[in-house]
Amino acid sequence: MKAIHYQCLVVLCLSLATLISMPLLAQKKVSKTESGTISTEPFGDSTRHWYGIADKGNIIQPTKDQPRYKESQVKEIADNILLYQRNNGGWPKNYDMQAILTPEQKDSLVRTKNILHTTIDNSTSYTHVDYLAQAYNLLKDERYKKGAVKGIEFLIAAQYPNGGWPQYFPIEQGRYSRYITFNDGAYIGVMNLFKKIVDGNSDFAFLDNKVRQQVKLSFDKGLDCILKCQIVDMGVLTAWCQQHDNTDLSPAWARAFEPPSICNGESAEIVLFLMSLENPSPAIISSIKSAVEWFKASEIHGIRVKTVQAPPEKSIYHTLTTDRIVVEDSLAPVIWTRYYELETHRPLFCDRNSKFLYKLSDVGRERRVGYGWYTYAPQKVLDAYPKWLAKHQ
């Protein structure tokens, strides 16, 4: 009897604790909903480009002291996103989704919706789809749902039959933008969006089965292409290039200073994505293990990259006031170069004349300062690897 009374007392206490906590839990949930804020951080790269680079090819230019919506003004930001969406469902890059546009700016965007200079570069298109989906769930405005679906259909249409994505769609023939693009997180950005849908994320609960099936097919093709792009160099499975040829999947040139090579920054993001998959196939497990071995083999110890003040020097875009130098430092954390030369695996640098260089100091000052030649990104993979490996031995 005492045991029964004790069990009843425990149940009663737990029930009371649950009842007491329910208002607090409900209050927390309501508070989150009422705040109604969706992060605009994914648009940061394009926003900085719009204000920081005078591009005459842009449809609209920022005004002096252009006012901006607060992050909490979701409706206004979502309306802007719809305004920028092109007729093919994609978006152009390098604009500020929080800008409070003038009537003239809005009119220019409406009149040029048939210009299909649409891209996944600089975190474009897939971030807009994600925002619209969240805005629909928050505000239940059917326009946001329709815009999100149209954006998803754009991303599916942009995919090559082999599973890769070009930087721009429609394809820009004869330009490097037609190549499969891992640079700046473009490819993996689309894959992470589609992974949310495939995994049943509630933000996309509004999608019908037809669209879901299309996304799943696209996701699987994209995953297969990632594995096929991984570079086998001198008989060893290593990592990936920034861009790969859209037909034979070989490492390809991008801009004049972005050579075919093993690119550790982009590769780290690819591996982290692969490690996020719940039930990786043997091929994916092998891909991850091989990339980790490459990251370990390509480590650079005992140096640090410093930005220092330097005499002003005019470049093609800016007046330079700093320089970058490599200094010896036995306490510096492990670092990697952005590029490693195919076959030799030497740290590789380049300039606007596409000449291969092997020291940062040999790169012209404009590119030396204006480009990220070193990276710490593989360390994120190495830090996460032991926990992942314990699950997938």
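This is a predicted model: local features need pLDDT of at least 70, side-chain atom pairs count only at pLDDT 80 or more; totals for chains, interfaces and linings use all residues.
Close-up 1. Residues are numbered from 1 along each chain as its sequence is written, and side-chain values use heavy atoms, with hydrogens and water left out. Helices (H or I, at least four residues) and strands (E, at least two) are DSSP runs numbered from the N terminus. The helix α7 reaches 19 Å from its first C-alpha to its last, close to the 18 Å expected at 1.5 Å a residue, where the expected span is 1.5 Å times one less than the number of residues. Its buried residues, among them Y187, M191 and F194, pack against α5 (126–139), α6, β3 (180–181), α8 (209–229) and α9 (264–275), contact meaning heavy atoms within 4.5 Å. Just after α7, G200 takes a positive phi of about 80 degrees.

**Close-up 2. The largest nonpolar core.** A nonpolar core is a set of buried Ala, Val, Leu, Ile, Met, Phe, Trp, Tyr and Cys residues joined through side-chain atoms within 4.5 Å. Of the 99 residues in the largest one, F194, I226, W240, L274 and W373 touch the most other members, and α7 gives the most to this core, with eight residues. Leaving aside residues up to four places away in sequence, I226 touches F182, Y187, I188, M191, W240, I270, F273 and L274.

**Close-up 3. Aromatic pairs around W165.** Rings of Phe, Tyr and Trp (its six-membered ring) pair if their centres lie within 6.5 Å, and planes under 30 degrees apart count as stacked, over 60 as edge-to-face and the rest as tilted. By this rule the count comes to 20 aromatic pairs. One of them joins W165 and Y187 edge-to-face, at 5.3 Å centre to centre and with 85 degrees between the planes; this pair links distant parts of the chain, with W165 in the loop between α6 (142–158) and β2 (168–169) and Y187 in helix α7 (residues 186–198), 22 residues apart. W165 is buried at a relative accessible area of 0%, and Y187 is likewise buried at 0%. The rings of W165 and F194 have centres 6.0 Å apart and planes at 70 degrees, so this pair too is edge-to-face, and it links parts of the chain 29 residues apart.

**Close-up 4. Charges over rings.** A charge sits over a ring if NZ of Lys or CZ of Arg is within 6 Å of the ring centre and within 35 degrees of the ring normal. The charged end of R346 sits over the ring of Y358, 3.6 Å from its centre, and that of K140 over the ring of Y136, 5.2 Å from its centre. K140, in the loop between α5 and α6, counts as exposed at 52% relative accessibility, and K140 has a positive phi of about 60 degrees although it is not a glycine.

**Close-up 5. Backbone geometry in two loops.** Most residues other than glycine have a negative phi, and most peptide bonds are trans. The peptide bond from F169 to P170 is cis, with omega near 5 degrees, and P170 has its place in the loop between β2 and β3. S354, in the loop between β12 (347–350) and β13 (356–357), has a positive phi near 65 degrees and counts as partly exposed at 26% relative accessibility.

Technical notes
Buried means under 20% relative accessible area, exposed over 50%, partly exposed in between (1.4 Å probe, protein chains only).
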